[in-house]
Amino acid sequence: MIHNRPAAVASPAAVSPAAAPPVALLVALALAGALLAGCGDPGDLRGAGPTSTAVGPTRLWPQVPPAASPAVDYGEADTETVKGVPVPGDDIRKADPVAVFRAEIAAHPDLYTGKGRYAQTARQVARCGGKSARGPACPVLRAYYRDLTGDGRDDMVLGVRMPDHQLGVRTYTVIGHRLTEVMATTDSTLGVEIAGRDVIIRSPSKLAGYEYRTVWSWDRRQRAMLAAKDEILRVGATVPPSGRTSARTPAPSAASAGSR
């Protein structure tokens, strides 16, 4: 039977004086360790200073009963099937934008005929040609296409010049193989943008250096484009010559009452 033999351990007396480290070296190493321990961040938690006390919302005038219905119908979830405009293969790019707007004129004679609010626009649309034959007198602008609903198919954003330097913005998608208008708004406009799946409309404000910005987004529950964000933003530091500023009271646009 073979037994493992423990390794020999040298006694202090067995260590030669030449192998022992000098005392000066040990002292230097100890000082270096102390210096290193005192430098750098030990990683301990530190206080960030005093913080403000959290204050919950305060309800004002709790005695006033909540409204049971909106004061103004903004038409933010109104949709409308476009009649008489085919969409072959559910491809919205194959729909004629001029025909799409002419269908709106036919569906709303109170707005586009006689003394209607947009009768002038209807008369101008009569000068438009077909899909590829529009002239400068045609108020129907170029259509833009983007997937706004998230279903992987393009939708249509259409702009129409309206009276009083206003711009009508309409958005269409295909629902159940039918062309459907899912957004309609008309207002004074500084610009229109598409960011991701949002349609952003910038409008002027009487408050110097500010503008209104409305973000329209697709809502799957309503199956319509909703004004998900409506804000006033600072865009400059312009001050009127009088030194006074005036802010308008936001009022429903022409489209807000009845989605037009």
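Which side chain meets that of R170 in a salt bridge at 3.9 Å, N to O?

Analyst: The partner at that distance is E181, whose side chain meets the side chain of R170 in a salt bridge (3.9 Å, N to O), where a salt bridge is a side-chain nitrogen of Lys or Arg within 4 Å of a carboxyl oxygen of Asp or Glu. The pair links distant parts of the chain, with R170 in strand β4 and E181 in strand β5 (residues 178-188), eleven residues apart; helices (H or I, at least four residues) and strands (E, at least two) are DSSP runs, numbered from the N terminus. R170 and E181 are both buried, a word that stands for under 20% relative accessible area, with exposed meaning over 50% and partly exposed in between (1.4 Å probe, protein chains only).

Before going further, please note that this is a predicted model, in which local features need pLDDT of at least 70 and side-chain atom pairs count only at pLDDT 80 or more, while totals for chains, interfaces and linings use all residues. Residues are numbered from 1 along each chain as its sequence is written, and side-chain values use heavy atoms, with hydrogens and water left out.

R170 also takes part in a salt bridge with E104, their side chains meeting at 3.0 Å, N to O.

In the whole structure, a search finds seven salt bridges. Another of them is formed by the side chains of E211 and R202 (2.8 Å, N to O); here E211, at 3% relative accessibility, counts as buried, whereas R202 is partly exposed, with a relative accessible area of 21%.

D164 lies in the loop between β3 (155-162) and β4, and its phi is near 60°, a positive value in a residue other than glycine. Most residues other than glycine have a negative phi. With 66% relative accessibility, D164 counts as exposed.
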